[in-house]
Amino acid sequence: AAIRLEAERLRTAGVLTSGQAGVLDIAALHGFWGSEVGQTIRSRAALVKRELEFTARFATGELDELTGKEVETPSHSLVADDFVVVQGVVDLAVLLPGEIWLLDFKTDAVSGNGIEDKVEKYSIQLRLYARALSGIHGRPVTKCWLHFLAAGRTEDVDVS
């Protein structure tokens, strides 16, 4: 019931459209928030930031390191002292006094071994988010998770 009320509050506030609110998988969300990770996050509710926007500057070498591939623009290769401005939105961050926790929800319909492939794919995104938030807030990201709503699985992600 609390999740339905929150969805309605977000719809009324204009954060969600009626269509978006209507397709929420309430049972999957309830399953997550009742899980160990969900309860851990709920225990720090006052420090939770949802849909946290960020803008960060990355040297091309940093992006190469985070993504595992050379960063290029369509017209030319970037040189070593160039930088890229990255903007993003973190689904959920817990901004604790000495550390940050990150959580990203995924709606992919995957199961079994497919989840490991998705974790590998999305870990690049989360490493980027972690580096950005760590730089912005001056503290390390110590916990990072991907939660696959359809599968009901939360996976730890190493962002170090």
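How far apart are the mean positions of the positive and negative charges of the protein chain? The 17 positive and 23 negative charges have mean positions 8 Å apart. Lys and Arg count as positive, Asp and Glu as negative, and His and the chain ends are not counted. Each charge is placed at NZ of Lys, CZ of Arg, CG of Asp or CD of Glu.

The model is predicted: local features need pLDDT of at least 70, side-chain atom pairs count only at pLDDT 80 or more, and totals for chains, interfaces and linings use all residues. Residues are numbered from 1 along each chain as its sequence is written, and side-chain values use heavy atoms, with hydrogens and water left out.

The protein chain holds six helices and five strands. Their order along the sequence is α-α-α-α-β-α-β-β-α-β-β. Helices (H or I, at least four residues) and strands (E, at least two) are DSSP runs, numbered from the N terminus. Along the principal axes, the C-alpha atoms fill a box of roughly 55 × 35 × 30 Å.

The accessible surface of the protein chain is about 9,400 Å². Carbon and sulfur atoms hold 52% of this surface. Areas come from the Shrake-Rupley method with a 1.4 Å probe; for residues, only the protein chains shown count as cover. Of the 160 residues, 38% count as buried. Buried means under 20% relative accessible area, exposed over 50%, and partly exposed in between (1.4 Å probe, protein chains only). Among contacts with a separation of 6 or more, 68% join residues 24 or more positions apart. A contact means heavy atoms within 4.5 Å.

The largest pocket contains about 1,200 Å³ of space. Its lining comprises 30 residues, and L10, L29, W33, R50 and F105 are the closest to its centre. On a 1 Å grid over the protein atoms alone, a pocket is an open set of points with protein on both sides within 12 Å along at least five of seven lines, where a 1.4 Å probe fits; lining residues have an atom within 4 Å of a point. Grid points are joined across faces, edges and corners, and the volume is the space filled by probe spheres set on the points. Helix α1 (2-12) is among the elements that each supply at least two lining residues, as are α3 (26-34), α4 (36-42), β1 (48-59), β2 (83-95) and β3 (100-106). The most comes from α1, with six residues.

E51 sits in strand β1. Its phi is positive, about 50°, although E51 is not a glycine. E51 is partly exposed, at 48% relative accessible area. Beyond its neighbours within four places in sequence, E51 contacts V89, V90 and D91. E51 and D104 are 53 residues apart in sequence, yet 10.0 Å apart C-alpha to C-alpha.

K106 belongs to strand β3. K106 counts as buried because its relative accessible area is 10%. Outside the four places on either side in sequence, K106 is in contact with Y122, Q125, L146, H147, F148 and L149. K106 and D117 are 11 residues apart in sequence and 13 Å apart in space, C-alpha to C-alpha.

E36 is part of helix α4. E36 counts as exposed because its relative accessibility is 68%. E36 and T154 are separated by 118 residues in sequence and by 9.5 Å in space, C-alpha to C-alpha.
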